[in-house]
Amino acid sequence: MSTGFEDGTEPVGIDELLERVRAGFVRVGPQEAATAAADGALLVDIRYAELRERDGLIPGALVVERNELEWRLDPRGCHRAPQAVSHDLRIVVICNEGYASSLAVASLRQLGLHRATDLIGGFQAWRAAGLPVTV
């Protein structure tokens, strides 16, 4: 009995998938993300409401729950956020610890958002670096 798919591929575990996804772009640390934002990059916080309420927000970050991300950031989409003006927009996706954001970036890159990346360590790394957080 085969465990593969009809197209002949084999399933992968999440660790391997993350490794593959992350090989396709350069991730940034907290200071690099802050500098990118100061230079016009869009910080996008995809954490769910409970985490945002518990830990606070990054000032200036666009909050978009993960299940709406592609709809809100696609420059061609009818449900796009006003900030989603171009496929050339630099985007730094932020989740809580830097895992879900990597998968989100892979999806954004499939939409043509070729400058999308994510924050290594997520919001927790941002906060640990002493960068601004509002509660």
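Helices (H or I, at least four residues) and strands (E, at least two) are DSSP runs, numbered from the N terminus. The structure described here is a predicted model, in which local features need pLDDT of at least 70 and side-chain atom pairs count only at pLDDT 80 or more, while totals for chains, interfaces and linings use all residues. Residues are numbered from 1 along each chain as its sequence is written, and side-chain values use heavy atoms, with hydrogens and water left out.

Helix H5 covers residues 100-110 and contains Leu 103. Leu 103 is partly exposed, with a relative accessible area of 30%; the scale used throughout calls a residue buried under 20% relative accessible area, exposed over 50%, and partly exposed in between (1.4 Å probe, protein chains only). Together with Val 12, Ile 14 and Leu 17, Leu 103 forms a nonpolar patch on the surface, and the four residues have about 280 Å² of accessible area together. Patches are made of residues with over 30% relative accessible area and no salt bridge, with like charges joined within 9 Å and nonpolar side chains (Val, Leu, Ile, Met, Phe, Trp, Tyr) within 5 Å. The accessible areas come from the Shrake-Rupley method with a 1.4 Å probe, and for residues only the protein chains shown count as cover.

**The nonpolar core**

A nonpolar core is a set of buried Ala, Val, Leu, Ile, Met, Phe, Trp, Tyr and Cys residues joined through side-chain atoms within 4.5 Å. The largest one holds 20 residues, of which Val 44, Ile 46, Leu 69, Leu 73, Ile 91, Val 93 and Leu 108 touch the most other members. At least two residues of this core come from each of strand S1 (42-45), helix H4 (69-73), strand S3 (91-94) and H5. The greatest contribution is that of H5, with three residues. In soluble globular proteins, nonpolar side chains tend to be buried together.

**Salt bridges**

Seven salt bridges are found in a search of the whole structure, the criterion being a side-chain nitrogen of Lys or Arg within 4 Å of a carboxyl oxygen of Asp or Glu. Three of these pairs are listed below.

| Pair | N to O distance |
|---|---|
| Arg 54 and Asp 55 | 2.8 Å |
| Arg 127 and Asp 55 | 3.4 Å |
| Glu 70 and Arg 66 | 2.9 Å |

In the last pair, Glu 70 is buried, with a relative accessible area of 18%, whereas Arg 66 is partly exposed at 30%. Salt bridges that share partners join Arg 54, Asp 55 and Arg 127 into one network. Arg 54 counts as exposed, at 55% relative accessibility, and Arg 127 is partly exposed, with a relative accessible area of 37%. The side chains of Arg 127 and Asp 55 meet in a salt bridge. This pair links distant parts of the chain, with Arg 127 in helix H6 (residues 122-128) and Asp 55 in helix H3 (residues 49-55), 72 residues apart.

**Aromatic rings**

Arg 47 lies over the face of Phe 123, at 3.8 Å from the ring centre. A charge sits over a ring if NZ of Lys or CZ of Arg is within 6 Å of the ring centre and within 35 degrees of the ring normal.

Leu 18, in helix H1 (residues 14-22), counts as buried at 8% relative accessibility. Its C-alpha atom is separated by 7.0 Å from that of Ser 102, although Leu 18 and Ser 102 are 84 residues apart along the chain. Gly 29 is found in the loop between H1 and helix H2 (30-38) and is likewise buried, at 12% relative accessibility.

Val 63, in strand S2 (residues 62-63), is partly exposed at 35% relative accessibility. Between the C-alpha atoms of Val 63 and Ala 104, which are 41 residues apart along the chain, the separation is 14 Å. Glu 65 lies in the loop between S2 and H4 and is partly exposed, at 28% relative accessibility. Glu 65 and Asp 88 are 23 residues apart along the chain, and their C-alpha atoms are separated by 22 Å.
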